[in-house]
Amino acid sequence: MVIVIKQNYEQKQLDNLVKWVKQQGVDADLIVGSHSTILGLIGDTSKLDINLLRSLDIVESVKRIQEPFKCANRKFHPDDTIVDVGGHKFGGNNFQIIAGPCSIESEKQVIEIAKAVKKAGATVLRGGAYKPRTSPYSFQGLKESGLQLLLKAKQETGMPIVTEIMSVSHIDQFKDVDLIQIGARNMQNFELLKEVGKTKKPVLLKRGLANTIEEWLMSAEYIMSEGAKDIILCERGIRTFEPYTRNTLDLSAIPLLKELTHLPVIVDPSHASGLSRLVKPLSLAAVGAGAHGLMIEVHNDPEHALCDGAQSLRPEQFEDVVKQIDVMLPLVDKKWGL
């Protein structure tokens, strides 16, 4: 349920309303936007008399939210959420690019790539320390030592970092990570979602391989219900019957999500296609569809990469993509985020 508060309300009236709502066993979340003030109610609101609420002097209107996701719902929070990652803003009319290797292989590799993507225009560095792989015999990442190398690249370049967490037991290792990634395979690992939510850190939540938009938003709800408010949604392609690409990029999800939720939406064209030659056109298509950013895999030696070399751009290819995006941004009312 959402209660829209009248403008020029008295603080005492609002405090009394919040107190009364909580006495009914319902949580209340106050959102002060640029055009309106909203009291979002979470819990069993069936016990609340909607007509009584509408009759209060302070109340402009009361709306019931039919969708199962509440905190992530745009009705709950009409203004776009702006997520700050190390001083770089995601959401609204801001556009950001996250870039880096699929997996961290060595100190020289990750620092060299970090410097290259920063020079080209990326603002956040990605790199996998823990790698979920389909085969148990594939490279699983350098794990905690890889995480330390990523942190060293952060120190060398000043770039905030994002990396994937795979287990609740790893949470303490992620205290210096700026943006915690929940990968596609863990999108419905609900215990992990809840524990990551408790950290209150910004979270990058990737869509599952075969999940609906509503299921994806319900996963965001798990994180937000534990107190984390800064969630970035990442469309990375879904599994379909088409074998020519690794996944099928669902571009329709971008405008749909912008209708349904206030959370920023970015796109990972690397995992969506699995082919480096498709990353540029899919990136430009995502910009045109209204995405708030991109997450692109870049490697300085893709042919010898230990993970996903076929979908990784070389630094000079990445630079070309950024230049093309720069031309497009004014056309879609976006600007490079700070």
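This is a conversation about how some descriptions of this predicted model follow from their definitions.

Colleague: Why is α3 called oblique to α4?

Modeller: Helices here are DSSP runs of H or I with at least four residues, and strands are runs of E with at least two, numbered from the N terminus. Helix α3 (residues 107–120) and helix α4 (residues 144–157) pack at about 40°, with axes 9 Å apart, where axes are lines fitted to C-alpha atoms, for helices over the stretch in contact, and angles run from 0 to 180 degrees between N-to-C directions. Angles under 35 degrees count as roughly parallel, over 145 as roughly antiparallel, 65 to 115 as roughly perpendicular and the rest as oblique, so α3 is oblique to α4.

Colleague: Which residues of α3 and α4 meet, and how many of them are nonpolar, polar or charged?

Modeller: From α3, Glu107, Val110, Ile111, Ala114, Lys115 and Lys118 meet Leu149, Leu150, Lys152, Ala153, Glu156 and Thr157 of α4, contact meaning heavy atoms within 4.5 Å. By class, this contact of α3 with α4 has six nonpolar, one polar and five charged residues; Ala, Val, Leu, Ile, Met, Phe, Trp, Tyr, Cys and Pro count as nonpolar, Asp, Glu, Lys and Arg as charged, and the others, Gly among them, as polar.

Colleague: What makes α3 roughly parallel to α10?

Modeller: The axes of α3 and helix α10 (residues 315–328) come within 9 Å and cross at roughly 20°, and on the angle ranges already given that makes α3 roughly parallel to α10. The contact is made by Ala116, Val117 and Ala120 of α3 with Pro315, Phe318, Glu319 and Val322 of α10, and by class it has six nonpolar, no polar and one charged residues.

Colleague: How do you know that Cys234 is in no disulfide?

Modeller: A disulfide is a pair of cysteine sulfur atoms within 2.5 Å, and a search of the whole structure finds zero disulfides. For Cys234, the nearest cysteine sulfur, that of Cys102, is 13 Å away, and Cys234 is therefore in no disulfide.

Colleague: Why are Cys234, Cys71 and Trp216 called buried?

Modeller: Buried means under 20% relative accessible area, exposed over 50%, and partly exposed in between (1.4 Å probe, protein chains only). Cys234 has 0% relative accessibility and so counts as buried, Cys71 is buried because its relative accessible area is 5%, and Trp216, at 0%, is therefore buried as well. Trp216 is found in helix α6 (residues 213–224) and, leaving aside its neighbours within four places in sequence, is in contact with residues including Met187, Leu233, Cys234 and Leu257.

Colleague: Why does Asn8 count as exposed, and what makes Lys200 partly exposed?

Modeller: Asn8 has 77% relative accessibility and so counts as exposed, whereas Lys200, with a relative accessible area of 47%, is therefore partly exposed. Asn8 lies in the loop between β1 (2–5) and α1 (11–23), and Lys200 in the loop between α5 (190–198) and β11 (203–206).

Colleague: What is the phi of Asn8, and what is that of Lys200?

Modeller: Most residues other than glycine have a negative phi. Asn8, which is not a glycine, has a positive phi of about 60°, and phi of Lys200 is near 65°, also a positive value in a residue other than glycine.

Key
Residues are numbered from 1 along each chain as its sequence is written. This is a predicted model: local features need pLDDT of at least 70, side-chain atom pairs count only at pLDDT 80 or more; totals for chains, interfaces and linings use all residues. Side-chain values use heavy atoms; hydrogens and water are left out.
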